[in-house]
There are 2 protein chains.
Amino acid sequence: MTEELIEERPFEENLESLEQAINGQSIDRIMQLLGEADLEDAAKLVDRLDAEDRKSLFALLTAEQAAEVLENMYYFQGADIVEDLPPKAAASIIARLDSDDRADLLNELDEEDSAAILEELDREIADETRRFMAYPDGTAGAVMYSEYLAFDAGLTVEEILSDIRSQREQYAEFGVQYAYVLDDRHRLLGVLPIRNLLFARHSEKAREVMIRNPITVDVETSIHELNNLFEQHHFLGLPVVDPDGTLLGIVDREAASEAMQEAATEDLLKFQGLMGREELRSMPLATRSKRRLSWLSINIVLNLISASIIALHQDTLQAVIALAVFLPIISDMSGCSGNQAVAVSMRELSLELVSPREFLRVFFKESSVGLTNGIVLGLLVGVLAWIWKGNPALGAVVGSALALNTVIAVCVGGLVPLLLKAFRQDPALASGPILTTVTDMCGFLLILGIASLCLPLLV
Amino acid sequence: MTEELIEERPFEENLESLEQAINGQSIDRIMQLLGEADLEDAAKLVDRLDAEDRKSLFALLTAEQAAEVLENMYYFQGADIVEDLPPKAAASIIARLDSDDRADLLNELDEEDSAAILEELDREIADETRRFMAYPDGTAGAVMYSEYLAFDAGLTVEEILSDIRSQREQYAEFGVQYAYVLDDRHRLLGVLPIRNLLFARHSEKAREVMIRNPITVDVETSIHELNNLFEQHHFLGLPVVDPDGTLLGIVDREAASEAMQEAATEDLLKFQGLMGREELRSMPLATRSKRRLSWLSINIVLNLISASIIALHQDTLQAVIALAVFLPIISDMSGCSGNQAVAVSMRELSLELVSPREFLRVFFKESSVGLTNGIVLGLLVGVLAWIWKGNPALGAVVGSALALNTVIAVCVGGLVPLLLKAFRQDPALASGPILTTVTDMCGFLLILGIASLCLPLLV
């Protein structure tokens with residue numbers, strides 16, 4: 001009954017209730033609002049609290065309760081909250097999260113903050129967390145978790161079943177589907193789908209009923225490979241082992257798929273000039289402004305470089321002022337054409353349909369599209385320029401500059417992501433600015449250069 | 001042994017072997033290359049076949065074999081292949097896919113092609129597929145599948161177990177974790193986790209051991225809500241029911257998470273000017289060129305509109321030619337600032353941290369960032385302009401225009417996605433061009449307008 005009530009009340013009322021509960025220090029009511037009901041809105045509720053209330057909220061809750069609240073929020077929201085807590089308090093909350101969430105959250109913090117929190121964690125947990133944090137994004141290491149069910153190979157089905165029954169609740173919460181069978185040195189011998197215990201005699205040993213030589217991955221296996229494996233096989237989880245066969249952790253289907261989603265989201269943020277970092281409007285103005293400026297300031301330097309080409313051709317421009325109208329058109333259209341090629345390359349790279357070494361293939365494929373589209377766009381704009389000023393030479397200059405620059409933009413756009421990938425740089429972050437700078441410079445150079453060559457025809 | 005051999009051979013050799021096998025009509029060898037080995041490369045192999053070979057390949061395979069190959073590829077690759085087959089042949093392949101894959105693939109085709117194939121399918125499958133195809137992207141209906149395990153409430157645990165045992169292989173392939181308990185009118189009564197059968201007495205009836213009143217969703221439940229549900233609960237699947245409680249299909253964790261990933265990927269493609277459609281470089285030049293041009297031609301019209309502002313101010317530009325250098329800078333920098341705000345709005349919308357109606361909140365949050373960053377950028381560029389030409393008035397004009405236009409761009413960028421969403425348009429597709437056109441027009445108007453007002457100080 002209560003649950004339904006909370007769900008149906010509009011968001012603003014819930015927010016008000018939460019603020020009242022915080023001011024009234026009514027922990028039960030807080031946990032009811034944030035923890036019990038359908039939690040669609042929990043993340044949004046905490047997001048909309050003002051900074052003061054949010055601080056009071058986490059000062060009121062026990063570490064256990066705070067961890068429960070964090071589990072219902074996005075990890076970057078969690079990072080934002082934990083950042084403001086004393087390291088000791090933060091550590092005792094973070095210790096209660098799952099191993100993979102813990103690493104994600106700490107990786108979102110500044111190095112200084114995360115180091116301070118790691119200091120406060122239990123040695124064993126801290127060591128594991130440091131290891132987990134070090135695995136690069138996009139690998140099995142970065143998404144695996146260390147909460148799994150493992151049994152010694154010598155145990156019987158009976159013994160395993162009784163252990164599972166006795167800890168049923170905890171296992172149910174893990175969503176465990178497999179048990180892992182290990183030798184005495186923690187090396188993986190086999191996998192035991194819990195379901196198979198349905199069909200096994202109770203006296204058999206784990207080593208007799210397990211699946212031998214299971215498919216394993218290593219910490220460096222790419223997210224893309226993981227997703228392929230999960231698509232080919234109907235596994236729910238895959239064990240991650242080191243070269244000796246020691247079990248390091250488990251990756252499940254969902255984590256692998258989520259990691260692909262996150263990578264796509266981050267690429268989107270990077271392309272749009274947010275450096276791949278999440279920004280929420282509830283963050284302080286200074287943070288938001290600073291983060292955005294860090295990108296804009298790089299961009300302004302690149303812009304000044306390409307604009308310097310115009311500065312060098314002021315005389316030509318002065319003589320044929322109509323050209324000024326076409327400078328932003330050339331810049332924008334070439335940018336668009338190039339970005340399409342960037343998107344295709346990024347997509348083929350992420351699907352592993354192209355390898356970073358296949359420059360020639362991409363070059364030929366893109367130059368043909370570039371030439372076709374360049375001719376179409378060049379003709380279109382050229383004819384418009386001709387009609388506008390009644391001067392065919394102006395049309396020819398503008399049209400040919402746009403056509404040529406489209407070819408350049410499309411080829412550069414197709415190749416830059418491959419080049420960056422080959423040099424182990426992030427294509428999503430750098431492709432856009434490199435593309436824009438190159439195509440702007442070439443575009444301005446082409447239109448103003450060609451114009452100055454045939455200046456007598458234009459004036 | 002063979003598997004390892006195939007895996008370790010470089011891609012080019014496998015491609016050659018496949019081409020040879022196709023020319024030699026050696027179906028066994030084809031299926032071995034495409035079907036047996038570690039299939040990381042299967043999608044890439046088919047991608048790289050030339051059009052002729054690809055046609056021969058699918059002419060050789062039985063429908064069963066072709067479906068197996070398609071299952072190892074991306075659905076948009078599958079669509080590309082099926083498109084070229086006669087509808088009858090295509091239908092018999094498609095009939096063998098899972099219900100959700102079938103709908104995805106057909107939705108990727110032109111309406112004419114998919115209608116022709118639907119005609120050839122069994123009436124029952126065709127009807128279901130049409131229903132599945134109609135659910136809009138981003139809803140539970142679009143990702144659910146109809147392959148599930150259902151039992152009558154009156155069966156005993158014994159009877160259910162024996163049914164599962166007798167069809168063990170088929171169920172294992174489904175990756176089934178739950179059985180659904182239905183009444184005689186196909187209405188959902190409860191869920192039976194297969195694991196729970198471990199703990200049940202064999203004589204009990206399904207209705208006694210099932211979980212009553214399970215959480216269900218309807219076909220319109222958003223992907224985002226589904227992911228939230230899966231995050232809060234450790235379910236592996238959720239039943240989708242109609243208002244009467246009739247079971248329509250199942251959504252699993254992975255499908256929900258994959259759908260989020262696909263949405264993010266599509267947004268990325270749209271932002272980069274590909275209309276959200278996948279383009280592979282193996283597609284014919286005409287297709288690729290035409291798709292890209294459809295976007296570029298809209299863009300060129302928008303560009304001409306904003307450039308017309310410059311055309312109207314040619315006299316001012318003629319008088320102060322230095323302004324021409326700053327036109328592309330204003331256009332590009334405002335575009336960047338605006339895009340950052342677009343990205344934040346898109347992200348908050350997809351996380352449901354902002355509702356499309358919260359214009360005022362977004363406006364205040366963005367205008368403060370816009371003002372801060374506008375002042376910083378305006379000062380920077382203004383001072384540079386002053387130094388370059390030794391004219392403080394030029395610096396003031398350029399700087400104030402950039403500052404003001406940054407505020408406009410950031411506010412427009414933040415609000416446009418909300419507006420589009422409120423009018424049920426796609427923010428990813430239209431935000432970019434709307435933003436660019438508005439900010440370019442305002443930017444050119446500001447710098448040239450202010451300049452013409454204080455022309456005496458500039459010349």
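Which residues in helix 9 of chain B meet helix 11 of chain B? The answer comes from a predicted model, in which local features need pLDDT of at least 70, side-chain atom pairs count only at pLDDT 80 or more, and totals for chains, interfaces and linings use all residues. Residues are numbered from 1 along each chain as its sequence is written, while chains are lettered from A and ligands numbered from 1 in the order in which they are written.

**The helix pair in chain B**

Helices here are DSSP runs (H or I, at least four residues), numbered from the N terminus. Contact means C-beta atoms, placed from the backbone, within 7 Å.

| Helix of chain B | Residues that meet the partner helix |
|---|---|
| Helix 9 (residues 99-108) | B:Ser99, B:Asp100, B:Arg102, B:Ala103, B:Leu106, B:Asn107 |
| Helix 11 (residues 123-134) | B:Glu128, B:Thr129, B:Phe132, B:Met133 |

By class, this contact has four nonpolar, three polar and three charged residues. Ala, Val, Leu, Ile, Met, Phe, Trp, Tyr, Cys and Pro count as nonpolar, Asp, Glu, Lys and Arg as charged, and the others, Gly among them, as polar.

The axes of the two helices come within 9 Å and cross at roughly 65°. Helix 9 of chain B and helix 11 of chain B are therefore roughly perpendicular (65 to 115 degrees).

**B:Gly78**

B:Gly78 sits in helix 7 (residues 75-82) of chain B. B:Gly78 counts as buried because it has 27 C-beta neighbours inside 10 Å; the cut-off is 20 or more other C-beta atoms within 10 Å. Beyond its neighbours within four places in sequence, B:Gly78 contacts B:Leu70, B:Met73 and B:Leu105.

Conventions:
Axes fitted to C-alpha atoms, helices over the stretch in contact; angles between N-to-C directions. Parallel < 35°, antiparallel > 145°, perpendicular 65-115°, else oblique. Contact = placed C-beta atoms within 7 Å. Buried ≥ 20, exposed ≤ 12 C-beta atoms within 10 Å, placed from the backbone.
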